[in-house]
Amino acid sequence: MRFNYAKLYGRMAELGISKEKLAQMIGMSRSSLYKKLISSREFTQSEIIQCAEILNISPLDIPEYFFTVNV
């Protein structure tokens, strides 16, 4: 299943956090984050929580950022 991370990208842009910087902040390589963002690998629950904390995303809003299915 492929997810649409447009809202996540938008939040990163709002805060001036690049993919490389986010990957570094959650302790993964840039290529690993990229694979997750193109839906070839899935985010773990702990990675989602870390991203939400870094990007100031409310727990109630996590589904909008991480689970919007590409149609």
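Mentor: We will go through the salt bridges, then one leucine.

Mentor: This is a predicted model, where local features need pLDDT of at least 70, side-chain atom pairs count only at pLDDT 80 or more, and totals for chains, interfaces and linings use all residues. Residues are numbered from 1 along each chain as its sequence is written, and side-chain values use heavy atoms, with hydrogens and water left out.

Trainee: How many salt bridges does a search of the whole structure find?

Mentor: A salt bridge is a side-chain nitrogen of Lys or Arg within 4 Å of a carboxyl oxygen of Asp or Glu. Here the search finds four. In one of them, glutamate 64 and lysine 7 meet with 2.5 Å from N to O.

Trainee: Which helices hold glutamate 64 and lysine 7?

Mentor: Helices are DSSP runs (H or I, at least four residues), numbered from the N terminus. Glutamate 64 is in helix α5 (residues 62-66) and lysine 7 is in helix α1 (residues 6-15), so this pair ties together parts that are 57 residues apart in sequence.

Trainee: Is glutamate 64 buried, exposed or partly exposed?

Mentor: Buried means under 20% relative accessible area, exposed means over 50%, and partly exposed is in between (1.4 Å probe, protein chains only). Glutamate 64 has 37% relative accessibility and counts as partly exposed. Lysine 7, at 38%, is partly exposed too.

Trainee: What does glutamate 14 form with arginine 11?

Mentor: They form a salt bridge, with 2.7 Å between the closest N and O atoms. The two residues are three apart in helix α1, so about one helical turn separates them. Glutamate 14 is exposed at 60% relative accessibility, whereas arginine 11 is buried at 17%.

Trainee: Where do glutamate 47 and lysine 36 lie?

Mentor: First, the pair itself: glutamate 47 and lysine 36 form a salt bridge whose closest N and O atoms are 2.9 Å apart. Glutamate 47 lies in helix α4 (residues 45-54) and lysine 36 in helix α3 (residues 30-37), so the pair ties together parts 11 residues apart in sequence. Glutamate 47 is buried at 13% relative accessibility, and lysine 36 is buried at 8%.

Trainee: Now the leucine. Which residues does leucine 15 touch, not counting residues up to four places away in sequence?

Mentor: Contact means heavy atoms within 4.5 Å. With those sequence neighbours left out, leucine 15 touches Ile54 and Leu55. Leucine 15 lies in helix α1 and is partly exposed at 36% relative accessibility. Its C-alpha atom is 9.7 Å from that of isoleucine 54, a residue 39 places away along the chain.
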